[in-house]
Amino acid sequence: MSIDVEQLQSDLMAEIATADLDALEAIRVKALGKQGAITGLLKTLGGMSPEERQVQGPAIQGLRAAVADAIAARKAALEAEALDAKLATEKLDMTLPVSTGPQGSVHPVSQVMDELAEIFADLGFAVATGPEIEDDWHNFTALNIPETHPARAMHDTFYFPDEKDGKKMLLRTHTSPVQIRTMMNQSPPIRIIAPGRTYRSDSDATHTPMFHQVEGLVIDRGIHMGHLKWTLETFVKAYFERDDIVLRLRPSFFPFTEPSAEVDVGFTWVKGRRVIGGDPAAGNGGWMEILGSGMVHPKVIAACGLDPEEWQGFAFGCGIDRLAMLKYGMDDLRAFFDGDLRWLRHYGFAALDVPTLSGGVGA
Ligand code: PHE
């Protein structure tokens, strides 16, 4: 049997060289398919004498490989050509507006926390955190809150079932335990704020069982009430972005500060709404309580292992939700935590365009 392998190869190669994609597939079937010419040649190897097979075997295999390669190369070239043609004619209009999918927004509480961190960072305060599930030593005892204090009562505080070692675990009722944790873990001088969630058994238009506070703590040598007053004034002016802020420190009592002061901010009536700013002495406004503060009690400093003769400091605690309501004009605290999308869209802040204090609100 005489097979002209070379002739077959040159015929196929010539066909492949000018084939389009459809013709290429037809050639592949005709040469390499089940009934194809080369497949047929491979089948004849079985009937050959060993000597003949030694010659024809490599020749036919070589033919098969050469044709398969040529088909693959032509196919790749045709596809590349098609892509080039497509790229040359297709145009993208870069000026078309991008359609964005649904977008979330920054919750006012997160927004205010960011603003607080930014204001206090400028004053050299770091942000500290602590656990929301606390033990009663950090939440009460170390803060000089006696066993008999009403804040410890079950109807005010969410307790967990008693631990085996007798430890009482609870949802922290204020951010003040972060003062304790910070004083125990860092050495003075200390300047921190601690924003976070707090919990009390309370629910009405101005109280929710979960709410947010920010704690401030400074521990250093020679710290006095003047430092506290200046810091609070600077903070409140920066937060409300007004220079005409007037503060009033009222003597008060907290077990963990001595002396203690409640701090009121002056507001002015504008079109039936209270607007923070202005001096109530002018007659068109009044005072609004915004935070509790005082000089850290020597017993608290000692409970944290520091010498109160050497180290003094001030602390304050402030409701973040209330700060947000006062600045951004919300009336009902409960709406903060309802997760109503209409409320969030109205009061939320754009994630990538958050008005920062350095940029100015609405910038
Ligand atoms: N922890 C107090 C509260 O929750 C606030 C406070 C903090 C007062 C720090 C004085 C100093 O009411």
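Reader: Is Cys304 buried or exposed, and what is its relative accessible area?

Author: Buried means under 20% relative accessible area, exposed over 50%, and partly exposed in between, with a 1.4 Å probe and protein chains only. Cys304 is buried, at 7%. Cys318, with 2% relative accessibility, is buried as well. One word on the source: this is a predicted model, where local features need pLDDT of at least 70, side-chain atom pairs count only at pLDDT 80 or more, and totals for chains, interfaces and linings use all residues. Residues are numbered from 1 along each chain as its sequence is written, and side-chain values use heavy atoms, leaving out hydrogens and water.

Reader: How many disulfides are there?

Author: A disulfide is a pair of cysteine sulfur atoms within 2.5 Å. By that rule the count here is zero.

Reader: Happy with that! What share of the 363 residues in the protein chain is buried?

Author: Buried residues make up 39% of them.

Reader: And how do I read the radius of gyration of the protein chain?

Author: Start with the elements: helices (H or I, at least four residues) and strands (E, at least two) are DSSP runs, numbered from the N terminus. The protein chain has eleven helices and twelve strands. Its radius of gyration, taken over C-alpha atoms, is 39 Å, well over the 21 Å from the globule rule (2.2 Å times the number of residues to the power 0.38), so the chain is more spread out than a compact globule. Along its principal axes, the C-alpha trace spans about 115 × 60 × 40 Å.
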